[in-house]
Amino acid sequence: MSLAQADARPVTGPTARPIVEARGIHKHFGQLHVLKGVDLVVAERELVFVIGPSGSGKSTLLRCLNRLEEPSSGSIMVDGIDLLDRKTDINKARQRIGMVFQSFNLYPHMTALGNVALALRKVQGKGKAEAEARALAALERVHLADRADHYPGQLSGGQQQRVAIARAIALEPRVMLFDEPTSALDPELVGGVLAVMRELREDGMTMVVVSHEMAFAKAAADRVVFMADGRIVEEGPPAQIFGAPRHERTRAFIGQIERH
Amino acid sequence: MSGWDRFLDSFFNAKVAWEYLPRIIDGFWLTILLALCIIATGLAAGLALAVLRSLGIRPLTWLIVFTVDLFRALPPLVIIALLYFGLPAAGLQLSGFAATWLSLSLVLMAFAEEIFWAGITATPRGQWEAARSTGLSFLQTLGHVILPQAVRMVIPPLTNRTIAITKGTALGSVVAVSEILGAAQAGVSFSFNPTPLTLGAVAYIVLFFPVVIAGRWIETRFAWKR
């Protein structure tokens, strides 16, 4: 292999630099104590999978990481920015944190290109031509450049989710948050979305994924975090969590999902 | 004269019709002017109130809800009478046109606010979250993502309400605005023949039928592409 080729291949595997540092996160919804002191540190280029039974707080944790939910206490640093500091411009910070939702949430009144270009124009202040060129490049990365002028209603669920991924990565975020990205998809459409996520990982994107796609976790995750009752019960490499879980709760959960 | 002839002579008297047609046509244009003014200010004010309400500032929301409920509860004719006959006592004399315009604008504002607000709250939460997660501010999200969807959603009820309130321009006849009905009634008084009322009815149909058709066209035009 020549040197140029070696350079073209991005370094895979996490570096030592933390991108996300969440410490002592608590979240109350009225009487409900949803997160009970969660610490999560995600390194650059790391792919962290968060699993756990429903109601364990994993989605809430993810939504705290871009302040869609306001933690009751704790601290969150993302790419060196104190997310919970009142002086932080949250709209500016959020450009570095891409998020993909279970229900896609594409804007139905805009084309795929319009969906991706909106924040490029209105948040980053790029001109129409540049925003559209960048949006098209982002759509290219999710293999949907040929659907640029389609409206969400004209796309399949899998295609919509890929446009949603393009909408997030177009802003060149430092970390991507995925909140059950394939849960609303028909089984035959899951593969395309996972393939795009795998490519993102190969390009060195830092990712936090809440999902039930255990095969994907086994194959692609650097680390798996198991949550239950608002706490992180156990974390480690996929081989440990799926092959030799240490905690009883983890064993019970893995046992249940493996039976399917 | 037979009953049928009497009927024709009363409602379809060609001589009377010809004589009073110019006044009805003047009234027709005045009605259009009044209606356009009411639609412009009523819808704009209603949208503005809905946007202010979405800020979620408690005292402001209470004030908006109170105002809106007040103007939805009061009969439009009562508001017109209050403004036209009541305000001079406070030293402010509005013309009949201004009183009618202001009254019906306030009523349309109230109903439009409720309709726009319904559209805003009916837009899925995920739309807010997706837009905010890309760094759009609250107002940018409202303007670029929420309102375009909310407005499309509420076009049918909004069209209906706008037509209903615009027809209230006929109430202006009570405060000496010679819009279509006012002109027709004046015609009846002068000619002792109800034919001008027939002309007025025709004028209303000519005016509002296209509006109803336009409403349907707008509904189709703004449906999502699927």
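This is a predicted model: local features need pLDDT of at least 70, side-chain atom pairs count only at pLDDT 80 or more; totals for chains, interfaces and linings use all residues.
**Overall fold**

I first looked up the secondary structure of chain B, which has nine helices and zero strands. Read from the N terminus, the elements run α-α-α-α-α-α-α-α-α.

I then turned to the dimensions. The C-alpha trace of chain B spans about 80 × 50 × 25 Å along its principal axes. The radius of gyration of chain B is 22 Å, whereas a compact globule of 226 residues would have a value near 17 Å.

For the contacts of chain B with a separation of 6 or more, I noted that 77% join residues 24 or more positions apart. Of the 226 residues in chain B, 42% are buried.

**Annotated spans**

I consulted the UniProt record next. In an unreviewed entry, UniProt places the feature "domain: ABC transmembrane type-1" at residues 28–215 of chain B. I found this span to be 81% helix and 0% strand, with its end C-alpha atoms 20 Å apart.

The unreviewed UniProt entry also carries the annotation "transmembrane region" for residues 28–50, 62–85, 91–112, 170–192 and 198–218 of chain B. I examined two of these spans in the model. Residues 62–85 of chain B are 92% helix and 0% strand, and their end C-alpha atoms lie 29 Å apart. Residues 198–218 of chain B are 100% helix and 0% strand, with 30 Å between the end C-alpha atoms.

**B:Ile165**

Is B:Ile165 buried or exposed? I recorded B:Ile165 as buried because its relative accessibility is 7%, under the 20% limit for that class. The residue belongs to helix H7 (residues 138–166) of chain B.

I listed the contacts of B:Ile165, leaving aside residues up to four places away in sequence: B:Ile38, B:Leu104, B:Val107, B:Leu108 and B:Phe111. I also checked B:Ala35, which is 130 residues from B:Ile165 along the chain; the two C-alpha atoms are separated by 8.8 Å.

**Nonpolar patch and B:Leu8**

Which residues form a nonpolar patch on the surface? I identified B:Trp4, B:Phe7, B:Leu8, B:Phe11 and B:Phe12, which together have about 520 Å² of accessible area.

B:Leu8 counts as partly exposed because its relative accessibility is 33%, a value that lies between the 20% limit for buried and the 50% limit for exposed. Patch membership requires over 30% relative accessible area, and B:Leu8 has 33%.

Technical notes
Residues are numbered from 1 along each chain as its sequence is written. Chains are lettered from A and ligands numbered from 1 in the order in which they are written. Side-chain values use heavy atoms; hydrogens and water are left out. Patches are made of residues with over 30% relative accessible area and no salt bridge: like charges are joined within 9 Å, nonpolar side chains (Val, Leu, Ile, Met, Phe, Trp, Tyr) within 5 Å. Accessible areas come from the Shrake-Rupley method with a 1.4 Å probe; for residues, only the protein chains shown count as cover. A salt bridge is a side-chain nitrogen of Lys or Arg within 4 Å of a carboxyl oxygen of Asp or Glu. Buried means under 20% relative accessible area, exposed over 50%, partly exposed in between (1.4 Å probe, protein chains only). Helices (H or I, at least four residues) and strands (E, at least two) are DSSP runs, numbered from the N terminus. The radius of gyration is taken over C-alpha atoms; the globule rule is 2.2 Å times the number of residues to the power 0.38. Contact means heavy atoms within 4.5 Å. UniProt positions are given in the numbering used here, feature names are shortened, and annotations may be inferred rather than shown by experiment.
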